[in-house]
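Work through the exercises below with the model open. Each task is followed by its solution.

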Amino acid sequence: MEKYARQAVTEGVKCSEDLHIGGESELYRVLNLHYNRNNHIEVPQNFRFVVEQTLREFFRAIQGGKDTEQSWKKSIYKIISRLDDPVPEYFKSPNFLEQLE
């Protein structure tokens, strides 16, 4: 996430609202591949929104020079944690992947 935010700053993006994540964007694809390697689960509807908001928070922090402070990411994590969905019940089963087939 930080890498993509830094890239946006380097490319001259001025406003965090100019950052958009589509279902075909590299960041979306990389995150989905990382967390859902074999596409066993359906990507939650709000995943793209959360990725976009997270990217914007990192962008604002980097643009504002907050990344020079120790523990600068903590405030970002507090903000984006509010966007978390509850963990689905089927994830709590040790055999949840078998249940999806």
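The protein is a predicted model with a mean pLDDT of 90, and 97% of its residues reach 70 or more. pLDDT is the predictor's confidence in each residue, from 0 to 100. Local features need pLDDT of at least 70 and side-chain atom pairs 80 or more, while totals for chains, interfaces and linings use all residues. Numbering starts from 1 along each chain as its sequence is written, and side-chain values use heavy atoms, without hydrogens and water.

**Exercise 1. Confidence**

Task: find where confidence is lowest and where it is highest.

Solution. Helices here are DSSP runs (H or I, at least four residues), numbered from the N terminus. Helix 5 (residues 96-100) is lowest, at a mean of 69. Helix 1 (residues 2-10) is highest, at 97. Where pLDDT is low, the predicted coordinates should not be read in detail.

**Exercise 2. The core**

Task: state which residues of the largest nonpolar core touch the most other members.

Solution. A nonpolar core is a set of buried Ala, Val, Leu, Ile, Met, Phe, Trp, Tyr and Cys residues joined through side-chain atoms within 4.5 Å. Buried means under 20% relative accessible area, exposed over 50%, partly exposed in between (1.4 Å probe, protein chains only). The core has 17 residues; Ala-5, Ile-21, Leu-27, Leu-55, Trp-72 and Ile-76 touch the most other members. Helix 1, helix 2 (26-35), helix 3 (47-63) and helix 4 (73-81) each give two or more residues. Helix 3 gives the most, with six.

**Exercise 3. Helix 2 on helix 3**

Task: describe how helix 2 crosses helix 3.

Solution. Take axes as lines fitted to C-alpha atoms over the stretch in contact, with angles from 0 to 180 degrees between N-to-C directions. The two axes come within 11 Å and cross at roughly 115°. Helix 2 is therefore roughly perpendicular to helix 3 (under 35 degrees is roughly parallel, over 145 roughly antiparallel, 65 to 115 roughly perpendicular, the rest oblique). For contacts (heavy atoms within 4.5 Å), helix 2 supplies Leu-27, Tyr-28, Leu-31 and Asn-32, and helix 3 supplies Phe-47, Arg-48, Val-51 and Leu-55.

**Exercise 4. Helix 1 on helix 3**

Task: give the angle and axis distance for helix 1 and helix 3.

Solution. The angle is about 55°, with the axes 8 Å apart. So helix 1 is oblique to helix 3. Residues of helix 1 including Tyr-4 and Ala-5 meet a set in helix 3 that includes Leu-55 and Phe-58.

**Exercise 5. A loop residue**

Task: is Val-87 buried or exposed?

Solution. Val-87 lies in the loop between helix 4 and helix 5. Its relative accessibility is 51%, so Val-87 counts as exposed.
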